[in-house]
Each structure stands twice: as structure tokens, then as C-alpha cells.
Amino acid sequence: MTERLIFDAHCHYDDEKFDEDRDELLSSLPEKGVFAVVTNGTDIETSERALALAEKYDFVYAAVGIHPESAPDTDVSRIGEYIDKVAKLLTHKKAVALGETGLDYYWDIPKAEQHIIFEKQLRLAADVKKPIIIHDREAHGDTMDYLRRYSPFGLLHCYSGSPEMLREVLRCGDMYISLGGTVTFKNARVPVEVAKEVPIDRLLLETDAPYLAPVPFRGKRCDSSLIACTAERIAGIRSMTTEDVLKYTKENAMRMYAI
Ligand code: NI
């Protein structure tokens, strides 16, 4: 691929799975067709690391925020201090979004804390007018309640809901939907229906690297170049060319992240 068409809307290049060869890998991505990536923090420390990577590489941008899995390490009685720190990191010129944040009911994480952390960040993203990257794992009902209440601008990442929920998400605010490797999995039925239905001007592609590598790399460490496989699968589902899927999703990501 000569033209750089891959925009990875959500990944984690600070993850320890990249410790051995992070620089080598990141340096190789542009020649593999990668135009830009948005690497996400999951707490203050990893958000700072995401920004450090964004400073080092032109094509790397950062999202900063507190993930629901970081809730147990977050003293919510001092939530104001955490939010002030996130707000400060968001002023960095390569911080293009607040994230990732959201709700996770798959793991046994206290819900009350998750709700406080998520709601504060919904408000902050609206205040600073930056997109928010939302994680919703087995928490569709409560996630929808927040979307209805706040009508946010942002991204529902690694979307795992139904086509019906998708229609409601798109009515709620200024939301984009990103799809990753799961759409290529053999047992993917709902993700395929969703891939068919997302309006083309609302669709983004992501890896969630190092996780969720697409077929035929399932189970291996994922990196942004593998988005080509996800795009090819979506192109098949939507009867489009892979190049068009990459072009539209890149354009959408650039618009949403204001890059
Ligand atoms: Ni993620």
C-alpha cells in the first residue's frame, strides 16, 4: 500500500506488550500504510505516556482519560483532582480526545465509582469541546442512559451493541462508531449486521491494539497495520472496495478528532 489510508481511531501503544520493540514497530507503521493512530491512556500515568509517544511521532495522537478498570485505583473522594489533571493534559496540542472512559460490567468493578468517574469526564469533554471515547462492556443500558442525558460528541469504541441500539446511539448526540477485529471473527453475527448498518459518514476503524487482532492474526499481538484486514472484511460486507472503506473512515476520523 503506497497511499497512507489507515487511521487507527483507538489503540494502546503504551501497553507493556510493546515494551520490547515499541520504537521499531511505531517507526515501521507509516510505510505499512498507517496515516495516524490515537493511542489511549487509561489513567493519569498512562495518559502521560500516550502524550509522550504523541510528542515523539508525528502520526501518533493521544487520548487522555480514566478507564473504568482504573476505578479501583482512583480515590473518588478526590475525583476533582483527577479531573483537573485530565483537563490539564487535554490542553496539550496532541491530545485530540478524552479517553478512554466508560462503563465495564464484565469485570467486578464497583459501579458507583465507575459512574462518578464517567459522568465527570462526560461533563469535562463537553466543557472543553473535545470528543470523548467511550468503552461500553456489558453495560449497554446504563451507557445509553448517559448518552440520552448528555448527548455527547465522540466515539463509541469497539461497538458491541445491537443494530437497534446503534440507531438510538446515533439519535443521542454527535456520535461515531468504531469497529475493530471482532467483525472478522468467524462467529461474528451481530458485528456483521452492525458493520452493514453504520452510516458511512459515522464509521471509524480501530485495533484496540495490542488486543483483538483481526483474522487471520486472531490471538496474536495486534498493531495498526492489521486494520487492512478489518477494512477488507467490512468492504465485503458492504459491497465496497477496501480502499473506499479506508478513505471514508480516515476522513471521518480526521473530522471527529479535528486533525
Ligand atoms: Ni481500549
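Is Asp208 buried or exposed? With a relative accessibility of 12%, Asp208 counts as buried, a term applied under 20% relative accessible area, against exposed over 50% and partly exposed in between (1.4 Å probe, protein chains only). The structure is a predicted model, in which local features need pLDDT of at least 70 and side-chain atom pairs count only at pLDDT 80 or more, while totals for chains, interfaces and linings use all residues. Residues are numbered from 1 along each chain as its sequence is written, and side-chain values use heavy atoms, with hydrogens and water left out.

Eight strands form an open sheet with parallel pairing in the order β1-β2-β3-β4-β5-β6-β7-β8. Strands (E, at least two residues) and helices (H or I, at least four) are DSSP runs numbered from the N terminus, and two strands pair if DSSP finds at least two bridges between them. The edge strands, each pairing on one side only, are β1 (6-11) and β8 (203-205). From one strand to the next, the twist averages 30 degrees; axes are lines fitted to C-alpha atoms, for helices over the stretch in contact, and angles run from 0 to 180 degrees between N-to-C directions.

Within this sheet, all ten of the ten residues of strand β4 (residues 95-104) are buried, so β4 is largely enclosed by the rest of the structure. Strand β3 (residues 60-64) is joined to β4 by three bridges, the two running parallel, and Val64 stands opposite Leu98. Five bridges pair β4 with strand β5 (residues 132-137), also in the parallel sense; Leu103 has Asp136 as its bridge partner in β5. Between β4 and β5 the chain passes through helix α4 (residues 111-128) in a right-handed β-α-β crossover, meaning that, with the strands pointing away from the viewer, the path from the first strand over the helix to the second runs clockwise.

The protein donors of the nickel ion are His10 (NE2), His12 (NE2), Glu100 (OE) and Asp208 (OD), at 2.1 to 2.3 Å; donors are N, O and S atoms within 2.8 Å of the metal (3.2 Å for Na, K and Ca), and sites may look incomplete since water is not among the atoms. The angles among the four donor atoms span 83 to 172 degrees, and the site is irregular. Four donors count as tetrahedral if all angles lie between 85 and 135 degrees; four count as square planar and six as octahedral if opposite donors are over 155 degrees apart and all others between 65 and 115, anything else being irregular. Glu100 in strand β4 and Asp208 in the loop between β8 and α8 (227-238) lie 108 residues apart, linking distant parts of the chain. Glu100 is buried, with a relative accessible area of 2%.
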